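Trainee: Please take me through this model piece by piece.

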Amino acid sequence: MKKLFFILLINFLPAQQSWTLQQCLDYASANHPLVKQSVVNIQKNDRQISASRGMLLPSVDAGINHNYNFGNGINQANNQRETINTLNDQVYAQANWQLMNWRNFLNISLSKINKQTSTFRMKKTQNEIKMNVIQMFFTYQNSKSWLDVLQTQLAGIEDQIKRTEKEVEIGNRPKSDIYDIKANLGTMQEQWVSAKNSRDLSKINLLSALAITKDTLDFTITEGNLAVNNFNDASFIQNLLEINPAYQTVITEIKAQEKNVNIAKSAYLPTLNGSYIWSSFYNKTLGESADSFSEQFKRNKNQQLGFGLNIPVFNKLQVKNNVEIAKLNVINSNYEKDIVINDLTKSINSIKAQFLNAQEKYNLLELNFENQRLSFRKSEEKYREGLMDAYTFFVVRNNWLQANYNLINSKNEVMQQTELLKIFQFDY
């Protein structure tokens, strides 16, 4: 009954989901907190554009004032100052409008550039996250492959010990063969524990790169054609630079700094302002009769329309210094561009070198793989015929398994560099 319950429980438990590299990249580029922060920054830039455009509109406000005045004041009946207590109500509406301020138009352009910068920064963040995911993904795959090799070796050595013990019993093998094999069992078990720890840590790092806190996934690698890249093209690196979001980010930042120079210079220009005020009031001396509120409201209506031209003359050298600082920021941004170009060139050249080396190594291992397989088969025949001792065959077998792992690891390296290069080529 307990066994049946256990089987039913296993059937109802959800199977661990397995993700490919592409699924990992799709998830990380959309759900990583750094990407979500970048999206919020873009939304903030949209609000800044709207706010900059709003500066072209007039500001309008209205109000009502209700005041009591006690003591010395102006008698509205005779326009004389005397001791008087009065009640005063005032209603007004006013509008102020900057008819011409060049800074407002420049701020709109700057806000649009800032949004472009935030968009490129988001893409830059996505690329950095993807590159980290790719590296962690293949590190996990390599550590898992190495654990599988050790697991196969351990299983093989246990079977080898059993077979050798039987052959020793019937006198076909010397007893020393058993001691030779067992002497390496402890070392191999220690390697297996270290490999298991490396696999577990690499999976933790991969989950962290994906910003996933629960270990509910496994990751599988899909076989694909190894890419062939035209590294000999003279414009190969330059083309990758121009489409890279890190490069595009610094270019838009330079444009923003250049726009800030124009904004600083706009303080030299005059501004034209317009204003309109509508108001009316009601006034009454306390304890005395007065015209009704509606009559006074109609009689005391007032409108003002005004224009003002403000011409900057001298501002304690603040405008001049702000312009010079803005120009220095442009120079600094150009140096930042040189740093970005240098870093990107280094990264692309590193990927190129590692790709070519890994591809060359993989081709050599692939060509030699069949020879190694035939060598292992031959050694296996010798062992069965008694022409090779158990320990030597055990070493040959492990070398064969190691060769398998080396080929897998080499192919993974080529695939990793291929995937990293795709990030620079915007294939995702």
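**Loops, sheet, rings and pocket**

Mentor: Start with Leu-317, which counts as partly exposed because its relative accessibility is 49%. The classes are buried (under 20% relative accessible area), exposed (over 50%) and partly exposed in between, with a 1.4 Å probe and protein chains only.

Trainee: How does the model limit what we can say?

Mentor: This is a predicted model, so to speak of local features we need pLDDT of at least 70, and side-chain atom pairs count only at pLDDT 80 or more, while totals for chains, interfaces and linings use all residues. Numbering runs from 1 along each chain as its sequence is written, and side-chain values use heavy atoms, with hydrogens and water left out.

Trainee: Back to Leu-317. Where is the place of Leu-317?

Mentor: Leu-317 is in the loop between β8 and α9. Its phi is positive, about 65 degrees, although Leu-317 is not a glycine. Helices (H or I, at least four residues) and strands (E, at least two) are DSSP runs, numbered from the N terminus.

Trainee: And Ala-211, what is its phi?

Mentor: Positive again, at about 60 degrees, and Ala-211 is not a glycine. Ala-211 is found in the loop between α5 (176–209) and β6. It counts as partly exposed because its relative accessibility is 29%.

Trainee: New topic, the sheet. What is the strand order?

Mentor: The order is β2-β5-β7-β8 in an open sheet of four strands, with antiparallel pairing. Strands pair if DSSP finds at least two bridges between them.

Trainee: Which strands stand at the edges?

Mentor: β2 (59–69) and β8 (302–310). Each has a single partner strand, so one side of each is left without a neighbour in the sheet. The twist averages 20 degrees from one strand to the next. Axes there are lines fitted to C-alpha atoms (for helices, over the stretch in contact), and angles run from 0 to 180 degrees between N-to-C directions.

Trainee: How many bridges join β5 to β7?

Mentor: 14 bridges join β5 (residues 86–100) to β7 (residues 271–285), and the two run antiparallel. Ala-95 stands opposite Tyr-276 in β7. Likewise, Tyr-92 stands opposite Ser-279.

Trainee: What about β7 and β8, over how many bridges do they pair?

Mentor: Nine, in the antiparallel sense. Ile-277 stands opposite Gln-304 in β8.

Trainee: Where does Trp-278 lie?

Mentor: In strand β7. Trp-278 counts as partly exposed because its relative accessibility is 23%.

Trainee: On to rings. How many aromatic pairs does the structure hold?

Mentor: Eleven. Rings of Phe, Tyr and Trp (its six-membered ring) pair if their centres lie within 6.5 Å; planes under 30 degrees apart are stacked, over 60 edge-to-face, and the rest tilted. Tyr-140 and Phe-219 form an edge-to-face pair, at 6.0 Å centre to centre and 85 degrees between the planes.

Trainee: Why does that pair tie parts together?

Mentor: Tyr-140 lies in helix α4 (residues 102–169) and Phe-219 in strand β6 (residues 217–219), so the pair ties together parts that are 79 residues apart in sequence.

Trainee: Is Phe-219 buried or exposed?

Mentor: Phe-219 is buried, and so is Tyr-140. Ring pairs link Phe-137, Phe-138, Tyr-140 and Phe-219 into a cluster.

Trainee: Which helix does Val-414 lie in?

Mentor: Helix α10 (residues 390–425). Val-414 is buried, with a relative accessible area of 0%.

Trainee: Last topic. How much space lies in the largest pocket?

Mentor: About 310 Å³. On a 1 Å grid over the protein atoms alone, a pocket is an open set of points where a 1.4 Å probe fits, with protein on both sides within 12 Å along at least five of seven lines; lining residues have an atom within 4 Å of a point. The volume is the space filled by probe spheres set on the points, which are joined across faces, edges and corners.

Trainee: Which residues lie nearest its centre?

Mentor: Ala-267, Tyr-268, Pro-312, Asn-315 and Val-319, out of 17 lining residues. Helix α9 (residues 318–384) gives the largest share of the lining, three residues.
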